[in-house]
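Student: Could you take me through a close look at one part of this model, the helix packing and the sheet beside it?

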Amino acid sequence: MIDVHCDSCSKPFYIRLQEQSHVKGVIETFFVCPHCGKRTTVAVTNNKVRKKIEELKALRLKIGQEDDEKEIDRLRLKSEKLKTEIDEQMADLKQRYGKR
Ligand SMILES: [Zn+2]
């Protein structure tokens, strides 16, 4: 639970995350202000992005277990690239399916 202030009415509330499915496996995570009903989109993912998020988790786990510094650098670079791809795709999805 995160305590935030609403962008719209500035009243504080606890975030209760909700999910809504859209077409083509797109899932939007959002919360609603209990005072004014303003909906804020936190994240929007599709199957492709969720797969990449799983890949990123696996990569980070691997980095934590790796001893070879060169290999760690290589994996870090790979995970940063993957993270950028995820951010870009999620930003794009958020624009398309986020709060209207
Ligand atoms: Zn509000």
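**Helices and sheet**

Tutor: Helix H2 (residues 69-97) lies across E4 and E5 and runs at about 130° to E5. Helices (H or I, at least four residues) and strands (E, at least two) are DSSP runs numbered from the N terminus, contact means heavy atoms within 4.5 Å, and axes are lines fitted to C-alpha atoms, for helices over the stretch in contact, with angles from 0 to 180 degrees between N-to-C directions. This is a predicted model, where local features need pLDDT of at least 70, side-chain atom pairs count only at pLDDT 80 or more, and totals for chains, interfaces and linings use all residues. Residues are numbered from 1 along each chain as its sequence is written, and side-chain values use heavy atoms, leaving out hydrogens and water.

Now the sheet: 3 strands form an open sheet in the order E3-E4-E5, with antiparallel pairing (two strands pair if DSSP finds at least two bridges between them). Strand E3 (18-21) and strand E5 (39-45) are at the edges with a single partner strand each, so one side of each lacks a neighbour in the sheet. Strand E4 (residues 27-32) is joined to E5 by 6 bridges, and phenylalanine 31 stands opposite threonine 40 in E5.

Back to the helices: the axes of helix H1 (residues 47-65) and H2 come within 9 Å and cross at roughly 155°.
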